[in-house]
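Trainee: I would like a close look at a single part of this model. Please take me through it step by step.

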Amino acid sequence: MLVHSRSGRWAVWTVFFVLFLPLFALPFAVIALASFATHWSGAFPSGATLTHYQDITRGESLDALTTSLVTALAASVLALVVGGWAALAADALRGRGRRLLDALFMLPVAVPSVVVGLSLLVAFSKPPLLLNGTRGIVVLAHTVLVTAFAYQSVAAAVARLDPAYEQSAASLGARPAYVLWRVKLPLLLPSLTAAAGLCFALSMGELSATMMLYPPDWLPLPVKIFGATDRGSLFSGAALAVVLMVTTLVVLLGVSRIRTRAAYR
Amino acid sequence: MSTEPGGPEAVPTSRAVRSGIRFDHVSVTYGDLTVLDALDLTVEPGEVLALLGPSGSGKTTALRAVAGFVRPSGGRVLIGGQDVTDLPPHRRGIGMVVQQYALFPHLRVDQNVAFGLKAQRTPRAAIPGRVAEALEMTGMAGYARRYPRELSGGQQQRVAIARALAIRPGVLLLDEPLSALDAQLRSGMLAELARLHRELPDVSILYVTHDQIEALTLADRIAVMDKARLQDCGTPQDLYRRPRTEFTASFVGSANLLPVRVAGEGALHFGDAVVRAAELPKGAVEGAEATMCVRPHALRLAAAGAAGGAANSLRGTVTGVQWRGSTHRLLVDAGGHEIRADVGDLRQPPAVGATVTLAFDPEDTVLLPAGVGTERPLLERV
């Protein structure tokens, strides 16, 4: 927004801080503070400690972090492959077929994730496809939920891609597969990594569908956090939440570095 | 594909280079809209043929039909005598350069030029030599390690041409290759293209442009397109001096089109004025309507009543004066028709509203039967 007068700029900054600080920044600060505390009865927490973090470095909590990372990684890679492929294929479609495909990939976004979890549970609880109680069903649920986002961001990038690149490549004798690998995918790389980061972040924080599906040996971090706070262990839950937040941010930052290096124009 | 021993995956470079393009009654329609109407046209091996026309005339569609990016709804496209209508673009053995260059932004200049060679599985050892050769030919040898974004528009266009030439195509398709460049660069690139053509005597070049200067400068023959149809085709001099349709006359050299009526003894009536043409069309009977084409620069200002000799003269009122540096363009209303005249830089140009006399020689006129070119497409001139 362009505000030219000095007083106007002050007003905008004031509104920004009044709205931003309480709504966005303070809750995170509270979580961070709580993760170092043993009591919180007054205005500020008391009993500074690192115990909660020390607990995390061993046993179940570390397993939960690994579980979350593996699940998010697998789900975003699968979502990128499926969603990206669909987006590239959808580019050739026109009219009704295109709208149908778009609507199909909108479905997991439009449907509450609890419903997605429930439907997967019901669908895969009987042979021949008995996935209930396996780790695979968690990855599957996450994949279903995030593929929509992968599809949409890649489809938007594909639509912006100048067809002249593809056509020039074809005129130079490049087969369609060669054009895909050497021209289209490299040009789409920034969008692909952005989509991957989005999928990863969404999957790291997924709770509601996971709650209905997770087997005892595959317990992602958000479920663990929910369990801890549900038991009343608010401060160790806060420490877990900080770990989840920081891990996700670190991965996103890493992904965004790939993106800037791959941005050509 | 009987010439390919390796079956459908054989590399295009393994076959003999095919040159020459033939449009055999090629039509392209989108729904009810005909964008190319039964085009019959041949580009000989080694020839530069310019497809000239305004936007929407079907010229780019014709080029894209050769490249394989649009599918004709009727007719056949032949490259080097082979029917390629059903071949995908990557099997056609063409080189193509488009207006926006379309260099691959993630590849260096040398990688861009090598792209086609790698895609066609040219032996790895031969690629650097071919890349260097193509860059040398376009004067871009010093820029091999740069990325496209580090080059100016003219340099990018040279790289795009080098990329198309590296695969040694028999047919080169140029789609408005200079229209993104400024005027000075454009004339330089025109000279470059003419030189490239001399160095590549076997390559057929199809050059799509809306710019008559480019077409007149570069082409061996010009095909004039309008409203999805081929209007006229011939050598540049031919089209310029003896246009066969009103559209050609006005589009190539922007001639004045004067409606005239044939009177007795070779005289023509333009309103009340009597003018003469170098020759009358065959079978022109007295009273027949015709169109007289006169180029703006064939007109000159004359003192009132003193056009001199056998020259035609028209009296009219000046409605506009534009100074164009070396010439003045006068807009003159003569008998209700606006006539454009390009006269040499005048010390004292006539004022708007002044009455002037424009003189022109019968030898500088072309007479067309009225309405030719607006009804039916003309076939290619032999």
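Trainee: Into which domains is chain B divided?

Mentor: Keep in mind that this is a predicted model. Chain B has two entries in its domain list: domain 1 covers 11-246, and domain 2 covers 254-369. The C-alpha centres of these two domains of chain B are 39 Å apart.

Now go to the sheet in chain B. Its 4 strands run in the order β2-β1-β4-β5. The sheet is open, and its pairing is antiparallel. In general, strands of a sheet pair through backbone hydrogen bonds. Look at the edges next. They are β2 (33-43) and β5 (82-83) of chain B, and each of them pairs on one side only. Take the β5 edge. Strand β4 of chain B, residues 74-79, pairs with β5(B) over 2 bridges, in the antiparallel sense. Across this pairing, I79(B) stands opposite Q82(B) of β5(B).

Helix α4 of chain A spans residues 96-110, and helix α6 of chain A spans residues 135-160. They pack at an angle of about 130°, with their axes 8 Å apart. Angles over 145 degrees count as roughly antiparallel and 65 to 115 as roughly perpendicular, so α4(A) and α6(A) are oblique to each other. The crossing of α4(A) past α6(A) is left-handed. From α4(A), the contact uses F105(A), M106(A), P108(A) and V109(A). From α6(A), it uses V144(A), L145(A), T147(A), A148(A) and Y151(A).

Note on methods. Residues are numbered from 1 along each chain as its sequence is written. Chains are lettered from A and ligands numbered from 1 in the order in which they are written. This is a predicted model: local features need pLDDT of at least 70, side-chain atom pairs count only at pLDDT 80 or more; totals for chains, interfaces and linings use all residues. Domain bounds come from an automatic or database domain assignment. Two strands pair if DSSP finds at least two bridges between them. Axes are lines fitted to C-alpha atoms, for helices over the stretch in contact, and angles run from 0 to 180 degrees between N-to-C directions. Angles under 35 degrees count as roughly parallel, over 145 as roughly antiparallel, 65 to 115 as roughly perpendicular and the rest as oblique. A crossing is left-handed if the near helix is turned anticlockwise from the far one by less than a right angle, and right-handed if clockwise. Two residues are in contact if their C-beta atoms, placed from the backbone, lie within 7 Å.
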